[in-house]
Amino acid sequence: MDVKLWPGISYPLGASYDGSGTNFSIFSEKAERVELCLFDDAGHETRIDLPEVTGFCWHGYLPKVQPGQQYGYRVYGPWDPANGLRFNPAKLLLDPYCKAISGQVEWNEALFPYYFGKSPDLINDLDSAPFMPKCVINQPFFDWTGDNKLQHPWHETIINEVHVKGMTATHPDVPPELRGTYAGLVHPAVLEHFKQLGVTAVELMPIHHFIHDKHLIDKNLRNYWGYNTIGFFAPHSEYASDKSPGGSVAEFKEMVKKFHQVGIEVILDVVYNHTGEGNHMGPLLTFKGIDNSYYYRLTNDPHFYMDYTGTGNSLNMRNPHVLQLLMDSLRYWVLEMHVDGFRFDLASTLARELHDVNKLSAFFDLIQQDPVISQVKLIAEPWDVGEGGYQVGNFPPVWSEWNGKYRDCVRDFWRGEGQTLGEFASRFTGSSDLYQSNSRLPCASINYITSHDGFTLHDLVSYNEKHNEANGDNNTDGESQNRSWNCGAEGPTEDQKILDLRSRQKRNFLATLMLSQGAPMLLSGDEIGRSQRGNNNAYCQDNEISWQNWETQDKELLAFTRKLINYRKSHPIFHRRHWFEGCLLHGSDLRDIEWFNTEGKQMASEDWGLGFVKSIAIFLNGKTIPNPNPRGEPVVDDTFYLIFNAHWEPLDFILPSNEWSEQWTLDLDTSKGWSEEEKVFKADEKISVEGRSLVVLRHAT
């Protein structure tokens, strides 16, 4: 191998193959020397000094080096933890810009900057290379012929939160060698499931290359969720069926292309708030050894790290090269990998410039003005674990948000909690109190009942308490409890009345979700009754606790969910672009929305404050819906009357008078399911609604 480096160029950062050779560039402000380390198939290492530095970017060009070559860096500089400097050339470091990573961390004392049992200020000079994954020079060329941006409008978007491995780990129709992989996720049988379900986007849980925490490996567990990123440009290699160096990149691209071919967008759950290097006691794998005090937020005592995420560290968004790293990563995934959007984990951390959360921080300013990133779907998880971190409703106008207030309110409503009617009305109609004031539309609210973090839908209605014993922390982790559902026996049961009630509550949640204004997100597996055996924090359960169980799927629930999603799609009234205004519609004597009590009378102001009232009816006028899409004319839809009874007992509801509709057709009753025959009710007629049930009536023409 020709190991003579030419000067090369400082930009782009990373390893860039041009067809003849590869340019290498890495940023470090305080480094004194940087070695490029090349590895052959036998693991033998060749070290070469990067010959030039421009603007703190160390760079060089190596002719004839091809894609598939494995490499890393050793960075020289001061070892001075008291001042936040942790340079240690004994440690092989991953390139922050590498596009592919081969292998996983093999936990050994050599990976840490200190010796076990000794002061963390004393340097550990054991060579970490034998235990480190390696960067791989990426083959950038891929045939994207026929791939087009889908750009589904936000108000027509239906998201499915999916785990790459868990979706297919036990799928009987997916070949064993493809289960749990990018290729397996787009196997024809799995694509057909997504198509029949009717979702328009998959939101993939973290696929940036991540590591499995040492404390989990020591307990024979693994980081299943993947919120422990170590490579912001590299697809996680364990999810690739192609195990050749760099094979994960082409496989990921092929997955995206196949999703697009069936009309499904790909959104990535990204973790830019912290890395897998942990705190001052964590390993030295990449940023910590490249320029610790530049990449991370340190406390007033630079020994230690600011931790707004509960994981040990937080990236330093005040420094321009950290911001550049994040923006370059985002653009790479859009331009080179063709993804359609991002969900930002613990996004409040990204807004912290000093200490307080600032929604106009530099990161969000960069997003706003970027011609690429500002045009894709952007979703914030609008909280972190730091002081003032709960920021639901406070993100900038181009963002949508996971609406935790929607989740909590809808759960409380169907649980029968008092004092929820007013908030329930707001959440059901898009949460205008959170989003309307800064010109955002209802789709700024990502509505969800369950997500990866917490109970599955089945477990939500089946367990009063968490059961996280398998996590190895004596059931002390995860949210403390689910609060009583009064559903009878907890967990598995053969009592048919309890099973029927649980099924009804699942239908209630799903129907509320899909009929609400905003963008619904369905946790993958909820449509088939997936259970985690009461575990509400299955982050470390890479096994049957978390994986989809296709052999025991609830086919009736799946059929219900498919029809429900199609029902939402078929009626624009359930996914309006604009807010309800409670005003008279043009050419109509009726309002676009109205609220009714059990007597068929419009809700009075005093009705909203009655905490014992757990029932409400909603009139939705579909006569004219303004601007259903950016270029379309107003459309006419059906008019609906929705009845919610969150009491345990049946209630009689009187339908409103003739002026609202002379008669109504029953479409859905969650106590039974979809109506198989045309059942008609007349104005002023009394209709009995079962306890814990939702009824959907459509104007009968």
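**Notebook: overall form, one serine, salt bridges**

I began with the radius of gyration: a compact globule of 701 residues would have one near 27 Å, and the protein has 27 Å, so the two agree. I note here that this is a predicted model.

Next I looked up the extent of the C-alpha trace, which spans about 90 × 55 × 50 Å along the principal axes. I then listed the secondary structure and found 14 helices and 30 strands.

I turned to burial and contacts. Of the 701 residues, 61% count as buried. I took the contacts between residues at least 6 apart in sequence, and 71% of them join residues at least 24 apart.

For the surface, I found that the protein exposes about 26400 Å², with carbon and sulfur atoms supplying 49% of that area. I also looked up the charges: there are 63 positive and 94 negative ones, and their mean positions are 1 Å apart.

**Ser 237**

Where does Ser 237 lie? I found Ser 237 in the loop between strand 15 (229–235) and helix 5 (247–261). Its relative accessibility is 15%, and because buried means under 20%, Ser 237 counts as buried. Leaving out residues up to four places away in sequence, I noted that Ser 237 touches Ile 101, Gly 103, His 209, Lys 243 and Ser 248.

**Salt bridges**

I looked up the total, and the structure holds 29 salt bridges.

Buried or exposed, I asked of Arg 440 and Glu 401? Both residues are buried.

The second pair is Lys 672 and Asp 669, with the closest N and O atoms 3.4 Å apart. Lys 672 counts as exposed at 65% relative accessibility, whereas Asp 669 is buried with a relative accessible area of 9%.

I then noted a network in which salt bridges with shared partners join Arg 33, Glu 35, Glu 45, Arg 47, Asp 49, Arg 74 and Asp 127. Arg 47 is partly exposed, with a relative accessible area of 42%. Glu 45 is also partly exposed, with a value of 26%.

Notes
Residues are numbered from 1 along each chain as its sequence is written. This is a predicted model: local features need pLDDT of at least 70, side-chain atom pairs count only at pLDDT 80 or more; totals for chains, interfaces and linings use all residues. Side-chain values use heavy atoms; hydrogens and water are left out. Helices (H or I, at least four residues) and strands (E, at least two) are DSSP runs, numbered from the N terminus. The radius of gyration is taken over C-alpha atoms; the globule rule is 2.2 Å times the number of residues to the power 0.38. Buried means under 20% relative accessible area, exposed over 50%, partly exposed in between (1.4 Å probe, protein chains only). Contact means heavy atoms within 4.5 Å. Accessible areas come from the Shrake-Rupley method with a 1.4 Å probe; for residues, only the protein chains shown count as cover. Lys and Arg count as positive and Asp and Glu as negative; His and the chain ends are not counted. The place of a charge is taken as NZ of Lys, CZ of Arg, CG of Asp or CD of Glu. A salt bridge is a side-chain nitrogen of Lys or Arg within 4 Å of a carboxyl oxygen of Asp or Glu.
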